[in-house]
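Student: Before we go through this model, could you show me the sequence and structure together?

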Amino acid sequence: IYQVPYFRPDVEPTESINENTLWTVSSRDQQFEGVTFDNPDRMKQGYSLRYKGGDIRVFSLPAEGTGPAEIEALLDSLAYYDRFIPDVVIVDYATLMSSKGAGKTEFRHGIDYVYRNLRRMAQERNIHIATAAQATRSALDGEEIGASQVGESVSIVQHAAKIISLYHTQEEMAKGIINLKVDCDRYKSSYDTVQAIQFLSASKFCIDSRFSSRTTG
């Protein structure tokens, strides 16, 4: 039994919930079952994505030895042998990818090479490519961060079509709160910051979310 966060409407018992209602994060008990081996069919369904089943493919590739060329070769193999063409490719994470195709160069130039080729790959194959990057040390206090605090290279900002910042304070982390803000979007000018709740102990990155303007913190 765990304490799981949820959004509770900040209203009196006699009040109704409407578009102007404010929400606050509370927690409640929820029971989770451990792994059992008494239902093989259910286990088979859960593990199918690791055995070429379903519509997801997961690959564990060496960080420093995998670059854009290796990713493209993998996508070509999936299309040719499995007739599998993904709509979305998630790389964890691009800064650690190999830039050997760029030759001997500085670290920041290597990152630029990787991100330029990921962008090219997305355009040529008409797919969405997502990755993650770390913020600078100035963001360790958990306060609101932006695209200017991307740690490794300005190329990340230059080549990305959309950048979403994720941040929280230590107090928010204890409550299961994470904030999300769109810092860069080539197709829209502005968004409202979103407050989401998560329960990472059960691998639940996002349970629910509200616009930050409608939450009480």
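Tutor: Contact here means heavy atoms within 4.5 Å. This is a predicted model, in which local features need pLDDT of at least 70 and side-chain atom pairs count only at pLDDT 80 or more, while totals for chains, interfaces and linings use all residues. Residues are numbered from 1 along each chain as its sequence is written, and side-chain values use heavy atoms, with hydrogens and water left out.

Student: Which residues does D185 touch, not counting residues up to four places away in sequence?

Tutor: D185 lies in strand β6, residues 177-185, strands being DSSP runs of E of at least two residues and helices runs of H or I of at least four, numbered from the N terminus. Leaving out residues up to four places away in sequence, the partners of D185 are A161, K162 and Y191.

Student: Is D185 buried or exposed?

Tutor: Buried means under 20% relative accessible area, exposed over 50% and partly exposed in between, with a 1.4 Å probe and protein chains only. Because the relative accessibility of D185 is 14%, this residue counts as buried.

Student: Are α2 and α3 roughly parallel or roughly antiparallel to each other?

Tutor: The axes of α2 (residues 68-81) and α3 (residues 107-125) come within 10 Å and cross at roughly 25°, where axes are lines fitted to C-alpha atoms, for helices over the stretch in contact, and angles run from 0 to 180 degrees between N-to-C directions. Angles under 35 degrees count as roughly parallel, over 145 as roughly antiparallel, 65 to 115 as roughly perpendicular and the rest as oblique. The two helices, α2 and α3, are therefore roughly parallel.

Student: Which residues in α2 meet α3?

Tutor: On the α3 side, the contact involves Y113, V114, N117, R120, M121, E124 and R125. Their partners in α2 are P68, I71, E72, L75 and D76.
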